[in-house]
Amino acid sequence: MAEIADNDRKCALYVRVSTINQAEDGESLDEQVQTLKSYCSYRKWQNCTVYREEGFSGKDLKRPAFQQMVADIRKGKINTVIVKKIDRLSRSIIDFENVYKSFQDQGVDLISTQENFDTSTAIGRSVIRIVLIFAQLEREQTSERTIDVMAHRAKQGMFNGGYPRLGYDIDYENKCLVPNEDEIPIAKEVFTTYLKLGSLSETAKSLNERGYRVKTWTTQAGRTRGGDKFQKNNVSRMLNDPVYIGKVRYKSGIYDGQQPAIISEELFEAVQTILQANNISKTGYRQNENTFYLKGLVRCGSCRSSMSPSFSYSKGKKYYYYRCMVNNDHSKDQCRIGSVHARKLEDLVVNELKFLAGDPRIIDGVVENASKEQREKVKALAAKKKVLTDRLTQVDKKAKNLLEVLGEGGTQNNRSGYITKELDGLEIQAKQMRKEIEAIEFESNDLENKILSADMIRENFKIFKDVYEHLTHDEKYDLLHLLVKKVVYFEEEGKDKDGKKVGKIKMDLWELPPIDPSILSSAKDFAERHVWLPSADSNHGHGD
């Protein structure tokens, strides 16, 4: 999600209190509003709208102010939602997950001032992952009921949601698909082109050269999406979709749909025959011993595109790779990096994580370097706060003395006008100082929450080292995805004397900044980062 500039912030200050909590200290609506306004003042965000929810429980989302805020988000009036605590937004984990994902889809930032709920920080990311994990557990308890409902809708031929199809529009009010007459010829052209060329990549290339593009649509929030060039993946998705012949698919079942067909069954079946002949099918990469543990995490260091799971056969043996997506799609310019041996790359990443776990000095050093600047800023802010607090004490003391003088003489005091004027000036000074102190406290808390905890990180890696080899394939996948944010694979221009590619990696971890071997005291021990990794054409001796 793109970062929102400060001058583009349109903030919703959402405050809620139930009748029971109305009188609780620190939970009143006015208290919450003041806290959120102070936060916006500290961040210099001017465009703020307050949504007050009085006497409504957080057990569900049927609240007038909340619904008004959601409506304003859809109209583009709000792009940042700020609450004092997450439970002000919702007390239901499932509701919170749905709200959060809706915010993400609409480009809306969510901030909790008290809990530092901010996904741009390591701590914030950890919090959201924990919350969504619990949401998943809760959702699994009710998934069977949801499945029953969706299966029933599919059997009735009803649209179960999803991305808009080229050739159709979504009628959000009636929750159904309706033909788009302007797009129907383009949809037909996709099918007929593939029938003629018999290749997904060549079909995408042909469509792009003739100026065709994928569907453009407007979301309920008024945002424009789509309009990109065709790629082999979206061509394949279209060609395999029974929606175009008036059907709906749910799991393994195909049912008569309520939407009219825009492609003839004869054309659709002819395309399916070619797809099957080309062995184009959906392949699951997360299963048993064929699990690709780094699926979705590997990126190409040359063209920055993702590297997806792939495999090839040589001499009757199957080999697994992470292949640059650009080289998978002939409709794009080719990248010089073709692929990297999957198990070699995964073993390298695991060994590096175990190395980190075995030398706590490295973690301490990296964390200290990453946190040094924040600690210095916190120290400077503390000194500034002390100066302001001492000055505020002096101002308050001076104001108290003037009040005593004014009280002794009453209205007859011939200096009462001067004293009153002085008191007004002192009040303005005190108010400004309190505002500055409050802003410093916000900034200090923000910085302290961003300071990485070496103890927490050491414990994470200790757990990894102790348990990794005893985990199932799926558990290894989950643990690696919890620790590793991204793996970038680089490759030297040439090859070694044996004709093998010279590869190296850079890891970006969720709880650590990107680790550069040159900044570590034990850099020599990171020799494994620069390793010989075979290409897809170098299969000899590297089977799994």
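Predicted model: local features only at pLDDT ≥ 70, side-chain atom pairs only at ≥ 80, totals over all residues.
Let's start with Ser18. The UniProt record, an unreviewed entry, puts the feature "active site" at Ser18. Find strand E1 (11-17) and helix H1 (29-43), and you'll see serine 18 in the loop between them. Is serine 18 buried or exposed? Its relative accessibility is 16%, and buried means under 20%, so serine 18 counts as buried. Leaving aside residues up to four places away in sequence, serine 18 touches Gly55 and Phe56.

| Helix pair | Angle | Axes |
|---|---|---|
| H6 (residues 184-197) and H9 (residues 265-277) | about 45 degrees | 10 Å apart |
| H6 and H8 (residues 232-239) | roughly 100 degrees | within 10 Å |

Take H9 to begin with. With an angle of about 45 degrees, H6 is oblique to H9, and H6 passes H9 in a left-handed crossing. On the H6 side, the contact is made by Phe191, Thr192, Tyr194 and Leu195, while H9 brings Leu267, Phe268, Ala270, Val271, Ile274 and Leu275. Sort the residues of this contact by class and you get 9 nonpolar, 1 polar and no charged.

What about H8? The axes of H6 and H8 cross at roughly 100 degrees, which makes H6 roughly perpendicular to H8. Here Ala187, Val190, Phe191 and Tyr194 in H6 meet Val235, Met238 and Leu239 in H8. This contact has 7 nonpolar residues, with no polar and no charged ones.

Key:
Residues numbered from 1 in each chain as written. Heavy atoms only, no water. UniProt positions renumbered as here; feature names shortened; annotations may be inferred. Helix = DSSP H or I, 4+ residues; strand = E, 2+ residues; numbered from the N terminus. Buried < 20%, exposed > 50% of the residue type's maximum accessible area, 1.4 Å probe, protein only. Contact = heavy atoms within 4.5 Å. Axes fitted to C-alpha atoms, helices over the stretch in contact; angles between N-to-C directions. Parallel < 35°, antiparallel > 145°, perpendicular 65-115°, else oblique. Left-handed = near helix turned anticlockwise from the far one by under 90°. Nonpolar A, V, L, I, M, F, W, Y, C, P; charged D, E, K, R; others polar.
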